[in-house]
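Subject: Structure handover and what was found in it

Dear colleague,

I am passing the structure on to you with this email, and below it you will find an account of what was found. Please keep the sequence and the 3D view open while you read.

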Amino acid sequence: MSNGNFRRALLDADRELASVAFAGDRNVRSLVAARRSMPWRVPALALAVAIVILLLMRARDREPAVAVGFKIDAPASSWQTRGDEIEVLAPTLAVDVPGFGHIVAERGARVVPIDGGIHVVGGHVDVDVIHRPAGIAPALVRVSHGTIAVLGTRFTIEQSAHGGRVVLHEGRIRFDAGGRSVVLLAGASLTWPLEQIVNADTPLPQRATSQEIAVAPMQGDAEPALPTEVTPRKAAHLDAEPPAEVAPRTAGHVDAEPSVIEPTGPTKSIDVDRVITELKNLRARRRFADAVGLLERTLSAELPAETLERLSYELGDIQTYQLASPERACRHWHLHRARFPQGRYTVEVDAAVRRLGCKETTP
Amino acid sequence: MTAALHMSRTDSATADRPTLEECYATHRAFVFHRCLRYAAGDVAFADEVTQEVFLKLWEHLPNLTDTHDLGAWLNRVTANLAISRLRRERSLLGKLHALWSTADRADTDTAQRVIERKQVANQVLDALRTLPPRERVIICMKVLDGASQREIARTLDVSEGYVSKLSQRALQHLAAAGWEVDDVER
């Protein structure tokens, strides 16, 4: 079936088209302005859609997950499970352990839930145990060479393939290993395996500036032994002074007092290693105001200039980047520069000052 | 800012160079009509391409050496912009964009409404719409402007052989659709 002559039909149609008025007959300036904004629409729409998708994915990723008995409020990409074990992939990972407490583990740390607590297979783990009412069994943290019975406290564990160390920040813990039992109070630290520490000639495995405790075998077995008090000493003193030894306990010594190791020394003395650990801990928990308080207290102590500079830098860093408190930060950087004119962190301090837009005259 | 920019361009123009407003007043009907042809009667399309053509003119006017032959320049730009836009509208992104800009088109009329009683005109515009963008423009130039193959090739910046090939293909397509195309030069 023929539609007719194409040329004639098209010419007729074109005459009709010629009668159509130009709908967009506007001022040429508004035309130019309108057209200039048009090309942004599609990319803007695509960008908006991409952002929404990204936010949705991120929101889904951030939903608290329960894995091998741990409750984790962090992106799924920051950890992985291997059997009963959880391994940390992010720089730090906060994990709730129901009925036990809260841990902050650093990258590479591996933790397994056990009955009544956790087993630190490896890595650096900060532990914050929930308060346990009297009469309830202590929470347990198993490490390579023993078990820490937690009596309501906060502490840090570093576990390597050959041994480890616990630094106690708050409260009281008891370390049980074979026939020994040691109680630590806040400020003390303990390194395992214990045999290596008993020998005063053996060099300390790591962080030798902390208060380390030398403990001898005690009598007793499964139940907590209650030996005499032991005073923690500066690690540097271990060679000069023999470690306090506690007699091995026997099975019948259940009712005796545990060996309690308390921090001593001048009340104003500062354990920098501990401050750094505490600072790291507070930063991991995003308790920046507490971290600032800790640093300000520490900076008033008599410490080597290099240490003071480092701590001063940390303080300014938190005020600049975490607390976003430009006035305080600028004031701090001003004082920092005055105090450490040839400092080791000049580049970083300059960058922070530039970022804050500090005036050079800020008091 | 746009106005300021516009003024600076106008100021920089030589004394005998027309301003954008003058070009717009003189040529907008011509450009719009060309756009309507290539769009097979889609007024919204023609409106937007017309604006695009004058935006291009705004960008190039200070550098145009021969403003006396502005009609030919506009014809070339109109054809090429129409082809680009027709191609884009056929793509998935173009269909999404059409959905996005529906609101803009709501206040514009369509040619179909204006010529709804012209049955044959509608049919021929429908047939034109079935052709690919470049073939559509070539057929319009050939039939409505009486342009030679050489002129079309120069306007679209393609070879004469390619124009001939596309023209043949378009005419075959129209003939297959039931149109008499014997009097259209091949």
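In what order do the elements of chain B run from the N terminus on? Before the answer, please bear in mind that this is a predicted model. The order in chain B, starting at the N terminus, is α-α-α-α-α-α-α-α-α-α-α-β, and this corresponds to eleven helices and one strand.

Chain B has 186 residues, of which 48% count as buried, and the chain exposes about 9,200 Å², with carbon and sulfur atoms supplying 51% of that area. If you look at contacts in chain B between residues at least 6 apart in sequence, you will find that 65% of them join residues at least 24 apart.

In soluble globular proteins, nonpolar side chains tend to be buried together. The largest nonpolar core here holds 63 residues, and the members that touch the most others are A:Phe6, B:Leu57, B:Leu128, B:Ile139 and B:Leu156. Among the helices that each supply at least two residues of this core are helix H1 (6-18) of chain A and, from chain B, helix H2 (20-38), helix H3 (43-60) and helix H11 (160-176). To see how A:Phe6 is placed, leave aside its neighbours within four places in sequence: A:Phe6 is then in contact with residues of chain B, including B:Val124, B:Leu128, B:Ile139, B:Trp179 and B:Val181. Apart from this core lies another one, of 38 residues, which includes A:Phe70, A:Ala74, A:Phe100 and A:Trp192.

The aromatic rings deserve a separate look. Over all chains, a search of the whole structure finds five aromatic pairs. One of them joins A:Phe175 and A:Trp192, which are stacked, with 5.2 Å from centre to centre and 15° between the planes. This pair links distant parts of the chain, since A:Phe175 lies in strand E14 (residues 172-177) of chain A and A:Trp192 in strand E16 (residues 189-192) of chain A, 17 residues apart. A:Phe175 is buried, with a relative accessible area of 1%, and A:Trp192 is buried too, with a relative accessible area of 2%.

Why does the pair of A:Tyr313 and A:Tyr345 count as stacked? The ring centres of A:Tyr313 and A:Tyr345 are 4.5 Å apart and the planes stand at 10°, so the pair is stacked. Here again distant parts of the chain are linked, with A:Tyr313 in helix H7 (residues 305-322) of chain A and A:Tyr345 in the loop between helix H8 (326-339) and helix H9 (346-356) of chain A, 32 residues apart. A:Tyr313 counts as buried at 15% relative accessibility, as does A:Tyr345 at 15%, and ring pairs link A:Tyr313, A:Trp333 and A:Tyr345 into a cluster.

On the surface, A:Leu45, A:Val49, A:Ile53 and A:Met57 form a nonpolar patch, which together has about 350 Å² of accessible area. A:Leu45 lies in helix H3 (residues 41-61) of chain A and is partly exposed, because its relative accessible area of 32% falls between the limits of 20% and 50%. A:Ser181, by contrast, counts as buried at 1% relative accessibility and lies in strand E15 (residues 180-185) of chain A. The C-alpha atoms of A:Ser181 and A:Thr147 are separated by 9.5 Å, although these residues are 34 residues apart along the chain.

With best wishes

Terms used. Residues are numbered from 1 along each chain as its sequence is written. Chains are lettered from A and ligands numbered from 1 in the order in which they are written. This is a predicted model: local features need pLDDT of at least 70, side-chain atom pairs count only at pLDDT 80 or more; totals for chains, interfaces and linings use all residues. Side-chain values use heavy atoms; hydrogens and water are left out. A nonpolar core is a set of buried Ala, Val, Leu, Ile, Met, Phe, Trp, Tyr and Cys residues joined through side-chain atoms within 4.5 Å. Buried means under 20% relative accessible area, exposed over 50%, partly exposed in between (1.4 Å probe, protein chains only). Helices (H or I, at least four residues) and strands (E, at least two) are DSSP runs, numbered from the N terminus. Contact means heavy atoms within 4.5 Å. Patches are made of residues with over 30% relative accessible area and no salt bridge: like charges are joined within 9 Å, nonpolar side chains (Val, Leu, Ile, Met, Phe, Trp, Tyr) within 5 Å. Accessible areas come from the Shrake-Rupley method with a 1.4 Å probe; for residues, only the protein chains shown count as cover. A salt bridge is a side-chain nitrogen of Lys or Arg within 4 Å of a carboxyl oxygen of Asp or Glu. Rings of Phe, Tyr and Trp (its six-membered ring) pair if their centres lie within 6.5 Å; planes under 30 degrees apart count as stacked, over 60 as edge-to-face and the rest as tilted.
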